[in-house]
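The sequence and the model are shown first.

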Amino acid sequence: MKREDILLTLVLLLFVQGYLFRNVLPILLASAILIYLIYLRAGFSPRIESEREISRKLKDGERVKTKLRVKNLSNNRLKIEVLENLPAGFKAERPSLFLDAHEVKEVEYFITPMRGIFRLKEPMIRAKDLRGLYYEDFMRGSESAIEIEVYPNLDRIREETEAGEPLRFKEAYQSLFGLQTPELDSLREFQPGDERRHIDWKATTRLGELIVRDFLKEREGDAYIVLDAGKEMRKGIKNSKIDFATTLTLQLAYALRNYRAGLIVYDDYGVKRVEAARTRGIEQVEKMAAQLKIGSIPANLMGIKSPMPVGIKIKEESRKFIKKILPAIKGRRSYATGLIEAISSLPSTAFLIFISDITANTSELIKILLELRKRYKILLLTPNPILFYDEARLDREKLIWLYERYKEREEVIKKLNGIVRTLDLGPSDLLETIRSRGVLE
Amino acid sequence: MIALISFKPLWVFRGQAVIAAAIGGLIAGLKLPLLLLLPMFVLGIRNNKDLFLLLFSVYALAIGYELEVSNLYELDLVKVLSVLIPTLLLLDAGLKSESEEETRGFTHAHELLIASGVTIAFVIGWFVSVVFVAAVFGALIYELSGDKARRGVFAALISSSLLLAALVLGQGLLNLEGGGATQAIFIAAVSTIIALMFFWRKRDRTEFKLYIRSGFIL
């Protein structure tokens, strides 16, 4: 029901009252109210012009001041309400003001954006009459929309990181090697990263250097590193993901030297090398290192899928057909991918550390992980291609494109984390640790 | 003087409207509707237009119940106008929005003078009804003039002229003994036809949302 309807109902009731009571006064009152309504209706003819000023580059979640210039082109005094028509997730204040005839006013209010690139439409201006009975909405056409870029807010990310929201690699690193038991295994020299509370002070004073206690781990059994050496991992001239992945594998192998650790290397066409988990110690680490002879693909592309060139479109049927015949053309034995072959080489029980790209064959990876997690404990380490991108090659378009991929990837990571513990890694993760332990030398 | 300056003009206007309605009601000998004036004033101050509209409807119906005019052509014009015009003034005051400027107090001396003059005229009008009607009519015109709604004024003038013309022309048929019902039907019909002339144009209309302070109840 509208406010005007209340008055019209009153008019009707007064008409009825006047007729039933044979009284002219309610009829006169009703007519007076009706004329008053006619006066308001006919007198309300607003015309509004508005223009918004807002910065084109905003930060995610940070309130930004927007300035709106509103001009009343009519002869009426109006009450103006600013109604923002923002993309989903944005928040805005709802300012209101009064405008005299032909008056121009500037109103400032705040908008809280969320990250991404958006086309921001002009706000809807609602002009109301002073009695609050009528209104008219004014909105400029879509040609007035402006493009804004909302960047991730570094301060916010920092706060979230400090709050411990993201999964930290250090935590996973510790959990990877099992929970320590109070049972002492051995004494060794202190190395950067060791906990200070594990320093054996008696041995330290006796030997004159920092000595730490190593404890026995709860977890026993084979550990397998399953390394993806596929096309997606090998793309790139420098900073390729496979370089990082091999370094990481070596580091993991060294860290797992007290366990029976094995290595499986696979690519798009099958399993390349297998080093079964037979022994433990440095000798096994060296054997595994020997298996890591993987070169990078000297391509212009970095380790992420490039957008399809404009104009080339492959139909869904053609795509399916190519997918079926490609393995046969490239000499693969069957339709099964390298990953499926790799997991068929695994023993019945083991702790699995997958180092893989998740942008290629994501659905297959998810299916396999869902199946494997029933029998194995799994950790998935995935080099983030965005972090491996060559900075010198960045421009605005690439940055936007990378950002879109980054958002998609975040979703995939979230999904994978629901299946197995998944860590997103950059080129500097663990490198310092490896260097400090002398593994690279 | 300083105390008066601190008054908010719209509050004064609403206060004047209530005083006018009270004096007009007393001139016409009303009792029951006057009881509703205080809550209407409070709702006006709180800017609760929807509840005000409901209460105003009750007030208008109560006036029609208490004050009787059986023949349009033999009515006491001053008495009727002393009720009708303050009622319209009250409706306008209750619906009018309060802007930031209006909450700051009087900015011009002439506004204060007019406000004081109108209030004094109302009081004098208690004794001289014609003065009261003139003062209330002046106050209504003054308030509406702020809208600068030329089209509205034009439409209102046309409507009232047409209604008056119809009543004058129909006097021969309507001015009969016990013709109150016929007059009522005639005025209602003419008013409705006139209104339809101006109501054909579609307008976005504000929603009626009845609420009390804690939340909506309708």
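Within β9(A), Ile125(A) is the bridge partner of Val82(A). The model is a predicted one, in which local features need pLDDT of at least 70, side-chain atom pairs count only at pLDDT 80 or more, and totals for chains, interfaces and linings use all residues. Residues are numbered from 1 along each chain as its sequence is written, while chains are lettered from A and ligands numbered from 1 in the order in which they are written.

The pairing of Val82(A) with Ile125(A) belongs to an antiparallel arrangement in which strand β4 of chain A (residues 78-83) is joined to β9(A) by 5 bridges. Helices (H or I, at least four residues) and strands (E, at least two) are DSSP runs, numbered from the N terminus; two strands pair if DSSP finds at least two bridges between them. A residue is buried if 20 or more other C-beta atoms lie within 10 Å of its own, exposed if 12 or fewer, and partly exposed in between, with C-beta atoms placed from the backbone.

β9(A) also pairs with strand β10 of chain A (residues 134-138), in the antiparallel sense and over 4 bridges. Here Lys128(A) has Tyr135(A) in β10(A) as its bridge partner. The two strands form a hairpin with 5 residues between them, and Gly132(A) in the turn has a positive phi of about 70 degrees.

From β10(A) the pairing continues into the other chain: strand β1 of chain B (residues 204-205) pairs with β10(A) in the antiparallel sense over 2 bridges. Tyr135(A) has Asp204(B) as its bridge partner in β1(B).

What of the interface as a whole? In total, 49 residues of chain A are in contact with 54 residues of chain B, contact being defined by C-beta atoms, placed from the backbone, that lie within 7 Å. On the side of chain A that touches chain B, α1 (3-20), α2 (24-43) and β10 each supply at least two residues. α2(A) gives the most, with 18 residues.

Gln183(B) counts as buried because it has 27 C-beta neighbours inside 10 Å. Leaving aside neighbours within four places in sequence, Gln183(B) is in contact with Val24(A), Leu72(B) and Leu174(B). The C-alpha atoms of Gln183(B) and Leu173(B), 10 residues apart along the chain, are separated by 9.2 Å.

Technical notes
Contact = placed C-beta atoms within 7 Å.
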